[in-house]
Amino acid sequence: KSFNANKKNGMQKLSSILAMYMSMSAPSSVDNKNNEKDVIMLSGYPFYMNGLDPKAIAAVADKTRVSLESILGANKLKSFNRMGSSAIDGIAGTPVCDLLVEISTWPMLTEDKEKMALAGYEYKGTSPHDAQDEWFWGGEGKPGHLGRIVLHTIPEGSEFRRDMKAFVEYVNTHPDAFRRYNDAKMEGAKIMLQSSEEDGRLIGYKIKKAEVCNQIKK
C-alpha cells in the first residue's frame, strides 16, 4: 500500500508506522517478503521497512552477472559481489542492488564502456565512494525500484572491495550492528517523509545512514 506523504493525515499515519518499527528489534525478511503494507513511497522511491525478499534481489544480481559476462567477456570479471544494504538480509531500505566488480583492466576500456552504454548501463564517472571506483547505473524498471542496479567497477586487489565485504559480513553476523544500521535507515526515512523539499528528503536519508555506517566500519 502506498501513502501520499504530502497529505497531513497520510504523513501522520506513516510517522506512527515508522515509530513502531523503530522500537522493534531486527525484522525478519522471511516473515515479510514483499508485503505491500511494509512498503512506503518516499519521493517516488519504494522503501521496504522490513527488507527485501532475498531471492528477488539475488535474482537481480545473477541476471546482471550474466549480462556483464555477455558484454565484457567472463575473463574480464575477476570478482562479483553484492555490497551495501541490498546485501544485508532483512535490512530496511530501497531495492536498488549495489554490485561490486573487479575487472582485469581498470579503468574500463573506452570500447567496453561503449558496449555497456549500448546495453543500457549509464557511465557516471568516478563514484564518491572511492577514487578507484567507476560506476554505472542501469538495470530494468523505474529508477529506485526492484530491478535497478548500481555497478561499481574496481581494479583487482582493491581495498574498497575488502572494506565493503567486511562491512556486509559484520552487519549480517552482529545483531547489534544490524539494529543500529537499521534504526538509522528508518530514522533517515522519517526525515525524508517530513521534509518539504524533494531533494532534501533523499539527502537527509543518506546522511543519516552514512553516519552510522561509518561508525560501524571503525
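Helix 6 is the top contributor to the lining of the largest pocket, giving eight residues. Keep in mind that this is a predicted model.

**The largest pocket**
- The space in this pocket comes to about 1100 Å³.
- It has 36 lining residues, and D98, H129, W135, K206 and K209 sit closest to its centre.
- Besides helix 6 (198–217), strand 6, strand 7, helix 4 (159–173) and helix 5 (175–194) each give two or more residues to the lining.
- By type, the lining splits into 17 nonpolar, ten polar and nine charged residues.

**The second largest pocket**
- This one has a volume of about 210 Å³.
- Helix 2 supplies the largest share of its lining, five residues.
- Among the lining residues are A59, V60, K63, Y121, E140 and I149.

**Helix 3**
- Helix 3 covers residues 110–118, and its buried residues are D112, K113 and M116.
- Looking down the axis of helix 3, you'd find those buried residues within an arc of 100°, so they line one face of the helix.
- T110, E114 and L118, on the other side of helix 3, are exposed.
- The buried residues of helix 3 pack against helix 2 (54–72), strand 5 (122–126), strand 6 (134–139) and strand 7 (148–155).
- After helix 3 comes G120, with a positive phi near 100°.

Methods. Residues numbered from 1 in each chain as written. Predicted model: local features only at pLDDT ≥ 70, side-chain atom pairs only at ≥ 80, totals over all residues. Heavy atoms only, no water. Buried < 20%, exposed > 50% of the residue type's maximum accessible area, 1.4 Å probe, protein only. Helix = DSSP H or I, 4+ residues; strand = E, 2+ residues; numbered from the N terminus. Arc of directions from axis to C-beta. Contact = heavy atoms within 4.5 Å. 1 Å grid on protein atoms, 1.4 Å probe; cavity = no way out; pocket = protein on both sides within 12 Å on 5 of 7 lines; lining within 4 Å. Points joined across faces, edges and corners; volume = space filled by probe spheres on them. Nonpolar A, V, L, I, M, F, W, Y, C, P; charged D, E, K, R; others polar.
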